[in-house]
Structures are given as structure tokens and as C-alpha cells.
Amino acid sequence: MAPARVDAQKDAENELEMKVAKYSRGKGADLKALRDKKLKGQLAVKEKLFGQSAKAAAKAEQWLMPCEEGFLEPDDLEKTYRFPQESIMKEVDLLSSRKPFDMILPVLGPYTIEYTSNGRYMLVGGRKGHLAMMDMLNMDLIKEFQVRETVRDVAFLHNEQLYAVAQKKYPYIYNRHGTEIHCLKEHGKVLKLQFLTKQFLLASINSFGQLHYQDVSTGEMIANYRTGLGRTDVMRVNSYNAVIGLGHAGGKVTMWKPTSVKPLVTMLCHHGPVTAVAFDRGGHLMATAGVDRKIKIWDLRKYEVVKSYTARAQSLDFSQKGLLACSNGSQVEIYRDFGGHDYRLYMKHRMMKGYQVGKVLFRPYEDILGIGHSMGLSSILVPGSGEPNFDTFVDNPMETTKQKREKEVHALLDKLPPDTIMLNPNLIATVRAPKKKEKKTKKENEEEMEEAIEAAKNTARKKKTKGRSKPSKRAKKKEEDVFRAKRPFLEQSEGDGRPDKKQRVGEEVELPKALQRFAKKPQS
């Protein structure tokens, strides 16, 4: 066998051993020290099964997830946040080096951006009416047009064929060719838009603080609630449970679902207005930023702060691998979790002087951060931000036209009703536990009593000597057993009845002399 082939085989075995160690259950039991042969044999079988399961999991990862994310690795005295984009672009492959860009559009800004769920298409909206859609895989411009009025926000619907735009008076829905499909007048003057993919709901918050939910598959308005906390333009959907998070001027963050008039959760997060909210992909972490110069990371399972920084942020976004991007003026900072929610500064990127960053958004399945600012658009490389292995049944950036159609049909068939939106989606498909105070019906009580009486009648008795098994005595004992079985049901039915009403004190009732002064006198 050739030496190169032997080395490659050894490397593959070492890599497999590392992955097996990742899935192993720790150090195995010391079987030599055991004297009990039975216990020793049982533990030996268990250890063998544990080893087989770890090896199977490692092989599955090796074949199903061949790519691994790569982070910036500094030397002893280096800091990753000091690496400029130019030095990163020199080290990556040719395809990745073409993805960063700067698009200068100073006349129609500031700009906001949005990506599809598979990361292939990008929607761009300029404040002064400029709309454009791009294919980021081929870097092609699909459609560009001017609506000639203010554009506040943009959002893709279930795929790139339709998208919603919050314009001056109402939100509009366009197709990928720029043709106007709908005008949603019921929403009013919308400030922010979010789309709930699994429920096919378009959520919006308008200038009066009204939250609207509309089903885009049927056109039905599902809900319309007044938040009661004033105007806000801070809105984000938690992809884990489809709960909408709103940030308000009083420092509160509220969480909403379409079947509840009141917010599910109200949290006082800051001492001033909330400027940005973002949710982690897992759904258990939330990042908030406020005017009080604080960025806080919350654990939504305990509703507690796990990390707090002194910094400003106009926009926040979590990547698929847990990196947190924050925009402050003309600077973008990216934080990374180094274990135990210990978020530390990972990368920095400064725009040209005078550029004000409006929105930062990670591109799914790519190590790319999109930046919309006052002078156009930018895209930078952030190693380790995107998921390297995509599931084609969930999101496929390379999907064909036929696959898109099939996915749309499956999505409509699998559409979830609004009732499924809740803080803990794991409760779906579980059986509700009966309430402790839940009373049984009269019919159920009667059936149970009849069963108890039958069981008492059919009870077998031992035959006793010396006249103790006379028919009369046996019948008497059977009657006692039946009465004993009926007694708890009779007591329960008596307890459920209404208590006797107090007799009103009138002229006909004679009271003792000591109580007559407390009786109400009849009105003449």
C-alpha cells in the first residue's frame, strides 16, 4: 500500500475517533475491580452498547454533516476583532472572496434588507422608494423599480415569489416581477413587518401601536390588537415558537400571539426606550438594546439576564451558529459565545465616516453579514456564522423550479393554525392533564356507584362453621357491604348540593328579645 494512502487512512481513523469521543458517555466503568460476576457481565454488555451507539452517531455525522464551521483562530497575542476584512478575504477560497461587496446608493437611502429562509434571495428597500430583488447565488439583479413614496420595511412571504412592503399609507404585496398584487388597507400606516412561515401569517405594527395578523393564504384578518404602550418600530418574530416580540418606549418588551388579547409576557428590560430586539435560533435567548446604553442577553426559560454590556445598538441579529451582530453608528460589532453564555467581542467592522448603519442581518447558510446603511448596502465575511450543512427538506439554496412548487404545496398542506402559537411549542400533541377540581357528572357518579355495588355483591365469601354461614347472616353481611360501597357516593352527592338558604327575617318570624333590635324594620 502506498505511504500517502496509509497516511490518509490514519487521518480518517483519528478523525473518527475524535467524533466518537464527542458522542461517548464519559469514562467507562472499571470492570476489573468488580467481584460480582453477574453485575460485571451486565455492565460489560452496557458498555459495549454505549460504544456502538457513539460509533454509529460519529459515522452519521461524518456522512450527513461533512462540512464543519470555521472560526477565526488567533495566535497568542492576536485579537480576532483586529483582523480587517482585507486580510480575511486573502485567506478564504475564491468563491467566498466574491461574496463581500459595497453598493453605494447615496440618493435613495437609508436602506433595509431581508433574506429568504434559504439565503438565496435578498430584498432591498430604500427609504425614498427604491425596491430591488437580487439572486445572491449568481449575483444577478432580478427586478428593480421605484414606488415613489416612503418605504419603511420589507419582508418576504413564504418564498421569493411574493413580498410585502410597508409604504407611506398602507403595506403592499408585490410579486417577483414588481407587479402590485394587493393593498392591505386594514393594516394602516405600518412601521414594521414580520412573516410567520409555518402559519402563513403576515404580522405588522402600525403608528398607532396596533398589532395586526393576516393570513396571506386566505386573506382573512386573524387578529387586531391595541398594544396600549404607544408607537413602536421595534418588532421581531421568534422562529422557535412564532411569538412576536415588541420593544416599547417605556423600556418594556412584550410577547404576543394572535389568539390572546393581552401579551403573553411583559418584561421591563431597560430604563429607557428599547431600540432593538433579536431572538436566537434555538428560541431560548433574547438580546435587547436600549437608549440607556445597555445590550442585554436574556434567558427566556428563566426570564433572567445572563450577560449585559455597556454599548449602544440600533439593530441586533443572531446568526444560525449563535453569533450576535450589533450596529452602532458607523460601526458593526460581532460577539461570540465562548461557553456558558459568555459573549465576548469576536469581530469589528467600521464603515466609512458618515455612514449610519440601519440594519444588520446574517445571511442563512453563509458566513455573510448584510448591512443596510444610509449610503447603500454592504456585505462582509463573518467566519463561523452560518450553518455549513443544510437540510434539503427544510431549506435548499440550490432548489429547482419543480422543487419550489412542491415545497409550496407541502407548506400549504402542513400549515399550522394560529392556536398552535405558544411560548412552549412542545406542549403540542401532548395530553392535557385533568384538573384537580374537575367535577364528575351525575351520570358518571351513578355508573361508578353501580360498578361498586356489583363488585360488592359478587364478592366471594368463605364458608364458616358452627352456624356462622346461615343464609340470613350472609344476606345481612352482603347488605352491609353494599351500603359500605354506596356510602362515599351518597356523601359526595350530599356535599355537592346547595346549602340551605338563610331564612329572611320578616314580620311572621318571631325572634328572641335579645335579637329583635338587629332585625330590619319593615318599610312603611
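Over the ring of which residue does the charged end of arginine 336 sit? That ring belongs to phenylalanine 338, and its centre is 5.0 Å away. The charged end of arginine 344 sits over the ring of phenylalanine 338 too, 4.4 Å from the centre. Here a charge sits over a ring if NZ of Lys or CZ of Arg is within 6 Å of the ring centre and within 35 degrees of the ring normal.

A word on what you are looking at: this is a predicted model, where local features need pLDDT of at least 70, side-chain atom pairs count only at pLDDT 80 or more, and totals for chains, interfaces and linings use all residues. Residues are numbered from 1 along each chain as its sequence is written, and side-chain values use heavy atoms, leaving out hydrogens and water.

Now let us turn to rings that meet rings. Rings of Phe, Tyr and Trp (its six-membered ring) pair if their centres lie within 6.5 Å; planes under 30 degrees apart count as stacked, over 60 as edge-to-face and the rest as tilted. The count comes to 10 aromatic pairs, and ring pairs join Phe145, Phe156, Tyr163, Tyr172 and Tyr174 into a cluster.

Next, find serine 378. Because its relative accessibility is 3%, serine 378 counts as buried (under 20%; exposed is over 50%, partly exposed in between, with a 1.4 Å probe and protein chains only). Among the residues that serine 378 touches are Phe101, Met351 and His373, not counting residues up to four places away in sequence; contact means heavy atoms within 4.5 Å.

Finally, glutamate 78 has 36% relative accessibility, so glutamate 78 counts as partly exposed.
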